[in-house]
Every structure is written in C-alpha cells, then in structure tokens.
Amino acid sequence: MSYFPRWPVTRNAVVLPDERLPWGTAIPMGVQHLVAMSGSTILAPLLMGFDPNLAILFSGIGTLIFFLCTGGRVPSYLGSSFAFIAVVIAASGYAGSGPNPNIGPALGGIIAAGAVYTLIGLTVMATGTAWIERLMPPAVTGAIGAAIGLNLASVGVQGIQGTGAHTGVALLTLLSVALFSTYGRLALRRVSILLGIAVGYLAVLVLGNGLGLLPAIDFTELAAAPWFGTPTFHSPSFEASAMLLIAPVALILVAENLGHIKAIGGMTGQNMDPYIGRGFIGDGIATMVSGAGGGTGVTTYVENMGVMAVTKVFSTLVFVIAAVIAIALGFSPKFGALLRTIPAPVLGGLGVAVFGLIAAAMIRLWVDNEVDFSDPRNLFTVGVTLIFGSGNFSFSVGGFAIGGIGTATLAALILYQLLGIGRRA
C-alpha cells in the first residue's frame, strides 16, 4: 500500500477519506470546514492574549503537518486548543486584556507539551494503544477535562464583570451563543460562536460607538493595516517552571485525539487504529511548530467532525483546501487587525460559554461511556481531581511550581491507578 491514497473521484452519498469530490464541490466543502473551526480557533488565542491571526495561520500549517504524518488517511482539522488556556494564563501572568506581554515562557511551555505529545506518539507506534486506554479511561480523561473548565471559572466571571453596559453586552453575547446553539438550524449551530461575536460586536457599536456607554471600538489599526503582509512572529523562551506547568497538557491532547480518531473510524467504518500513533506525532509536531512562531497549541477539532457527520464527506483533501485558505488568511494583517477589534465584554461572554461547555462536555463523556459512579474508584478520582482543578491547588517542588491543572492531572492519573491495585477490572 502506498503512503498516500490515490483519491479517486466519487459522487457517492458517502465520500471516504481516500476518495475525493470533484474540485468544484470540494472547494466549498473546504470553506465550510474553515468556517466551522474559525470561531474556537479565533477565541482561544484572544483569551490568552495571543495573536489570532497567527493562530489561524498555524492551524492551517498544523493541519498540513497532520495530513502528511498520517499519510492523508485521517480526516481532521487542527485548531487552537482550549486545554492550554488556564496554564498559559498562569505561566505568563496574563491580565486578561490586550496582547500578552510575557508570551515567551508560555510558548516554551507549548513546545514542551508538543514534544511530550510527540514522544507519546512514537511510543504508541512502537507498543500499540492498549496502555494509553488503561492509563486514561473515560473517568480519568473526563475528570481532567472538567477540571480545566472549572479552573477557568474565575477568568470567565472576571470577563463579564464591569459597568452595567459591559455586563449587559457580555450576557447578551452569552445568551446569543446559547440560543443559536439550541434553536438554530444545523448550519447555524455549527457557527454559533461566530454569530455570538457578531451580536455582541453590533451591541458595542450601538452602546459604545453610538451612545458612549462603553469604550468605543477603535478602527484605527484596522484602517492602517495592509491587506497582505508577513505576520509578526514571536520567539519562545524556555523557563523550567513554565514548561513543567504546561507540558502535562499533552495528556489532555492525547485523550482528545484518541477519542476523535476512534470516532472517525466509527463514522467511516474504517479501522483508524493503525494511525493513532502517527496522529499523535502529527499533532505534537504541529503544536511545537506553532509554539515556535507565536501560535497556540493545537488539537483535532470536534467541530469539523460534526460537519463530517452531517455531510458524510470524509475526504482528507477537503482539509488540505481548508488549510491552504487558512494560511492565506494568516498573511493578511487586515484580517488580524479585524480580529483584534473584538471588544472585551464580547470576549467575556464567550469565555463563560466556552469554559462552561468544556466542563459540561466531560459530563457527557461520562454518560456516553457509562462511567459507574457507584464505584468508589471512579468517585474519588473524579471528586479529588475536580477540587484540585477548580480550587487551583498548587505546590512547589524545589524551584518548580505546579498549578491547578497540573495537580488535577496528576491526581487523576495516580489516584485511579492506586485505587485499582488488587482489582480485576
């Protein structure tokens, strides 16, 4: 079997990963995947003080890296990972508004996470996935994921606090996302974050630029920015404390990617297990490349899996199209300047929505996998992990400080294994 498929043209209702649509149909499909991922990929860097334009650029580059590493056989788009938000804020001391002035140590930590992720991928290629599935069953991965969402609760609440108008716009943005997600047609639900941004943005134009009740949106940078140009890259710095804090996020990315690849296998009816290790490596290398240039850590996106589930188009070439368009947008300073005009109360409302959904999605993971909470092993593992994460339990070992996400991750992994000693299952 050749490394890459041949991608014969098909007009069947279901398009498999190693097939392709006629180009006239494939290009709009690529644009649709770009739109589906854009809301979250733009929001995550804004919440960390990163450049969203660089995040878009590196999402495209990362997707191509993943495509190459998996031999073009696993349909996925790589976008900004929300798992990095809490630890990046902690490592950089980000105040929550404007560009992050201490981005270097966070980028070094992101590269460290990508390196750990890549090493795990190499190990999986050599040994298989059974040990990962034993180490990180749904009770553990769900607990860690929920702890990340709860750890960010204070950040979300701070984002919506302010004047009456500020809080009003934040809550309007939050409500808009919820309404579009609940009552919108499927196409609207896929872009509910973008629609929420539009509603909140319009509200600030009326209340701020029009009535003066809020700081007005400043379009000076947008007007001056050229349509095409090289983005401003940022260099990492490698500080042991930041690297130790951020590197464990690799375990979250492993759990996400493992679940996503298995889900894609279920949707396509193809066995994707042989590509799990290569998928980890692709995602890990993409995260390192992104961190080296000033971008966020990346992960495979469930939003794009939702598009595939609806359209039944799994062709990996569609993601190449989306990636190429994303890279082109990354070289538009005008596009980046537009993203930076998104007002603070809009980001605050979106933060509450997204952070809450991170935690809630883990509850769904437990339900879907029928995690038995009458079992004290699961109950104690989840309970301790959630308290460590939401309470931001931190401690120092020598000169290294481990924050709430790190302690929650360690608690979940260690406690689950300890409580399983002597058990048959």
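**Exercise 1. In which strand is Phe-395 found, and how does its accessibility class follow?**

Step 1. Phe-395 sits in strand 3, residues 395–397. Strands are DSSP runs of E with at least two residues, and helices are runs of H or I with at least four, numbered from the N terminus.

Step 2. The model is predicted: local features need pLDDT of at least 70, side-chain atom pairs count only at pLDDT 80 or more, and totals for chains, interfaces and linings use all residues. Residues are numbered from 1 along each chain as its sequence is written, and side-chain values use heavy atoms, with hydrogens and water left out.

Step 3. Phe-395 has 33% relative accessibility, so Phe-395 counts as partly exposed. Buried means under 20% relative accessible area, exposed over 50%, and partly exposed in between (1.4 Å probe, protein chains only).

**Exercise 2. How many residues of helix 3 are buried, and which are they?**

Step 1. Helix 3 spans residues 85–92. Of its 8 residues, 6 are buried, so helix 3 is mostly covered.

Step 2. The buried residues are Ile-85, Ala-86, Val-87, Val-88, Ile-89 and Ser-92.

Step 3. Look just past helix 3. There Gly-93 takes a positive phi of about 65°.

**Exercise 3. At what angle do helix 13 and helix 14 pack?**

Step 1. Two packed helices are described by the angle between their axes and the distance between the axes.

Step 2. Helix 13 (residues 249–268) and helix 14 (residues 276–293) pack at about 135°, with axes 10 Å apart. That makes helix 13 oblique to helix 14. Angles under 35 degrees count as roughly parallel, over 145 as roughly antiparallel, 65 to 115 as roughly perpendicular, and the rest as oblique. Axes are lines fitted to C-alpha atoms, for helices over the stretch in contact, and angles run from 0 to 180 degrees between N-to-C directions.

**Exercise 4. Which residues do the salt bridges join into one network?**

Step 1. The whole structure holds 2 salt bridges. Each needs a side-chain nitrogen of Lys or Arg within 4 Å of a carboxyl oxygen of Asp or Glu.

Step 2. Lys-262 meets Glu-133 at 3.3 Å, N to O. Lys-262 lies in helix 13 and Glu-133 in helix 5 (residues 130–135), so the pair ties together parts 129 residues apart in sequence.

Step 3. Lys-262 also bridges to Asp-273, with the closest N and O atoms 3.3 Å apart. Asp-273 lies in the loop between helix 13 and helix 14. Shared partners join Glu-133, Lys-262 and Asp-273 into one network.
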